[in-house]
Every structure is written in C-alpha cells, then in structure tokens.
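Let's take a walk through this structure together, with its charged side chains as our guide.

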Amino acid sequence: MNSTPKNSIDLAWLIRRDSIEMTHVSGASHIGSDLSAADAIAVLYFDVMKIDPKKPEDPNRDIFLMGKGHASAALYSALANRGFFSRERLKTFYQNGSTLSGHVTKHNNPGIEFSTGSLGHALGVGVGFAYAFKQDQKDNHVYVLLGDGECQEGSVYEALAEAGRDQLNHLVALVDCNRQQGLGDTKDVYASMDLKARFESLGWDVLSLNGHDHTELKKALTSKHEKPLIVISNTIKGYPISFMENNLLWHYRFPHPGEEYDGARKELLAIKPKDLANPYEEEDKDL
C-alpha cells in the first residue's frame with residue numbers, strides 16, 4: 001500500500017490526518033475548521049477542478065480561492081497530496097522561515113492563487129477571475145470556499161451582488177456551513193442568517209447539501225448552471241473527531257500531547273480507507 005490518494009475519500013482522510021499532525025506539532029489553531037472543510041476540498045481537488053500539479057500556472061486551469069484562510073492546513077495538505085509540492089514541506093507548517101504560514105499564503109507555494117486570512121476578500125477576487133473568463137469566452141471555473149461566519153462581511157455581499165448582476169456562471173462558491181465562528185454560534189453572533197434566501201435574492205443559483213457526502217458534493221459542483229452557483233455545504237465543525245465535533249473550543253485550540261492528540265489519531269485510524277497506507281505509521285505505533 002502507498003499513501004497516494006486514489007479517490008476523494010482517500011484525500012479527505014489524508015487532509016484530516018495531516019491537519020491533526022500539523023496543528024499538534026506547531027501549536028497552531030483552527031483544527032475544527034480544517035476538519036469541517038476537508039471533504040469539500042478533497043472533492044474539488046480530486047474530482048472537480050481542472051488542474052495539473054506539473055503546470056500550476058497553466059492558463060487553462062481552474063482557480064481555487066480559500067476565503068476562510070485560517071483553515072490553511074487543510075489546503076496545504078490537499079496541494080501536497082496532489083503533487084504541487086512535497087509532503088515533506090508539511091512538516092514545516094507554522095514554523096519560522098516556512099512558506100506554510102498559519103493563514104493561506106501564495107508566496108513560494110505552487111497551486112495557491114491568492115493569499116487569504118483577513119476574511120471577506122476571496123469572493124471579490126473570484127468575481128474578477130470569473131468576469132475575465134466570461135469576457136474571454138473561456139470554460140475555466142473559479143471556486144471559492146467561504147465560511148458561514150465570513151458571510152457576515154460586507155465585502156462578501158458586494159461580490160455576491162456583482163456576480164449575480166453580471167450572471168457570472170464561471171463562478172462557484174461553497175459555504176462551509178459549520179454553524180460556528182470564532183466567538184460563538186453563527187446564529188447568535190449575527191441574527192437572521194437565512195443564507196439560501198439571501199443568495200437567491202442576489203441572483204445566484206443555490207444548492208444545499210450534506211457537506212460530508214462526497215457523492216452529493218461532486219454532483220452539485222459539476223452541475224450545469226446559467227447563474228453563479230452557491231453550494232451551502234452543511235458540515236460539523238471538528239468532524240469526525242467525537243470530542244471536537246460542534247465544540248467551539250477547537251476553533252483556536254490545538255491537539256495537545258496525551259489524551260487529545262492520541263484520541264484524535266485513534267479515531268482517524270479507525271476510519272482509514274482500507275487500501276490507503278498511513279504516512280504517519282511510525283508516529284502512530286504508540287497507539
């Protein structure tokens with residue numbers, strides 16, 4: 001067996017295992033967000049986007065932009081496991097001198113189109129890409145992953161309105177709707193967040209689905225649409241680690257040595273795809 005992913009299920013498992021390791025070693029935050037977004041990222045990078053790791057600047061590539069840039073470990077893992085750079089680089093995450101900063105950075109990282117971290121900017125950039133694709137009559141697509149908390153940003157609504165007005169059907173946005181943000185439940189921080197109604201009112205096609213179901217995600221993300229498309233990906237923050245699920249603590253906490261780190265590894269080992277090798281076999285010998 002080897003640890004090269006053969007499908008999106010393999011890739012999602014690797015993203016989660018890498019994210020646990022990366023945040024544990026570095027003491028970095030946002031493991032809950034990494035885990036909730038892993039399935040959508042895996043489906044995009046394995047089943048949906050037109051990309052070539054050997055040609056990261058290919059003008060015919062699809063574009064991915066990470067609005068919720070704090071979930072950087074998940075994106076870095078996807079890129080490494082798809083061959084944009086070596087998995088060895090993941091060991092440097094959040095370390096002094098590393099290119100893999102705590103928030104997504106384009107600098108010296110093949111496959112990353114735009115640095116993100118301050119929320120609310122990626123969708124506007126996505127609108128720019130989509131407008132260019134439409135003007136040039138290209139069939140490229142741009143995919144933007146947002147957090148549901150991020151959707152409170154005014155700049156997001158400006159981008160939504162512009163894309164809807166110009167019917168930018170090259171643009172697909174996913175909302176990682178895990179119902180939590182940095183300081184509380186999304187519904188308590190910002191009232192009346194009927195995302196579907198708001199998006200439709202601004203001229204978008206909207207689909208809502210189980211964000212951990214790869215079949216649903218692939219079907220939605222490859223569906224035909226005349227308008228810009230938003231996929232509301234209903235997820236569980238911290239999924240599938242039982243003690244992290246729906247627990248706001250894990251927005252900022254990292255898996256500490258002992259019960260937390262060991263427990264997370266055990267739960268992931270229990271659901272590892274059968275024919276996928278564990279790249280952390282040496283680390284997990286103590287379990």
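**Charged pairs and the fold around them**

Start with the salt bridges: the count comes to 18, where a salt bridge is a side-chain nitrogen of Lys or Arg within 4 Å of a carboxyl oxygen of Asp or Glu. Keep in mind that this is a predicted model, where local features need pLDDT of at least 70, side-chain atom pairs count only at pLDDT 80 or more, and totals for chains, interfaces and linings use all residues. Residues are numbered from 1 along each chain as its sequence is written, and side-chain values use heavy atoms, leaving out hydrogens and water.

One of these bridges joins Arg-16 to Asp-39, with the closest N and O atoms 2.7 Å apart. Arg-16 sits in helix H1 (residues 8-26) and Asp-39 in helix H2 (residues 31-48), so the pair ties together parts that are 23 residues apart in sequence. Helices here are DSSP runs of H or I with at least four residues, strands are E runs of at least two, and both are numbered from the N terminus.

Next, look at Asp-176 and Lys-68, whose side chains meet at 2.6 Å, N to O. Asp-176 is in strand E3 (residues 171-177), while Lys-68 is in the loop between strand E1 (63-66) and helix H3 (72-81), 108 residues away in the chain. Both Asp-176 and Lys-68 are buried (under 20% relative accessible area; exposed is over 50%, partly exposed in between, with a 1.4 Å probe and protein chains only).

Arg-265 is buried at 1%, whereas Asp-262 is partly exposed at 23% relative accessibility.
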